[in-house]
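User: Take a close look at one part of this structure for me, please. Start with the chain as a whole, then zoom in.

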Amino acid sequence: LLHAVDDALLLALPGLEEVVVEIGDDAPRTLSRSTDGDLTVVSDSRDGVTRWRTAAAHGALTPELLADRPVEERLRPHWSVTWAVPV
């Protein structure tokens, strides 16, 4: 499962700037996120550098929409979405 870590993790969690993946005796793999103008740049010590054009949005959910939902969902009355395309 750790071999499958990729750019999506850093793109989906914008507060996350770096991830280090250590698997057994293999050399650690580092993925880091930065910006270059309006692009998001992900540097991966295994796969190289990828530049992404991203857009994000978020908002509140109405109480009526959450009325019959489980407690866990009612405690987070908001939504968010991130869209990313490699350039």
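Analyst: The protein chain has an accessible surface of about 6400 Å², and carbon and sulfur atoms hold 57% of that (Shrake-Rupley method, 1.4 Å probe; for residues, only the protein chains shown count as cover). Bear in mind that this is a predicted model: local features need pLDDT of at least 70 and side-chain atom pairs pLDDT 80 or more, while totals for chains, interfaces and linings use all residues. Numbering runs from 1 along each chain as its sequence is written, and side-chain values use heavy atoms, with hydrogens and water left out.

Of the 87 residues, 18% count as buried, meaning under 20% relative accessible area; exposed is over 50%, and partly exposed lies in between (1.4 Å probe, protein chains only). Along the sequence the pattern reads α-β-β-β-β-α-α-β, where helices (H or I, at least four residues) and strands (E, at least two) are DSSP runs numbered from the N terminus. The radius of gyration is 17 Å, well over the 12 Å that the globule rule gives for 87 residues, so the chain is more spread out than a compact globule. That radius is taken over C-alpha atoms, and the rule is 2.2 Å times the number of residues to the power 0.38. The C-alpha atoms fill a box of roughly 50 × 35 × 15 Å along the principal axes.

Now the sheet. Five strands form an open sheet in the order S1-S2-S3-S4-S5, paired antiparallel; pairing takes at least two DSSP bridges between two strands. Strands S1 (18–21) and S5 (78–86) are the edges, each pairing on one side only. S1 is joined to S2 (residues 29–36) by four bridges, and Val-19 has Leu-31 as its bridge partner in S2.

Asp-7 lies in helix H1 (residues 7–12) and counts as buried because its relative accessibility is 9%. Setting aside neighbours within four places in sequence, Asp-7 contacts Leu-31, Val-42, Thr-50 and Trp-52 (contact: heavy atoms within 4.5 Å). With Trp-52 there's a side-chain to side-chain polar contact of 2.9 Å. Polar contact means a pair of N or O atoms within 3.5 Å; within protein, one must be able to donate a hydrogen and the other to accept it, and residues adjacent in sequence count only if both atoms are side-chain atoms.
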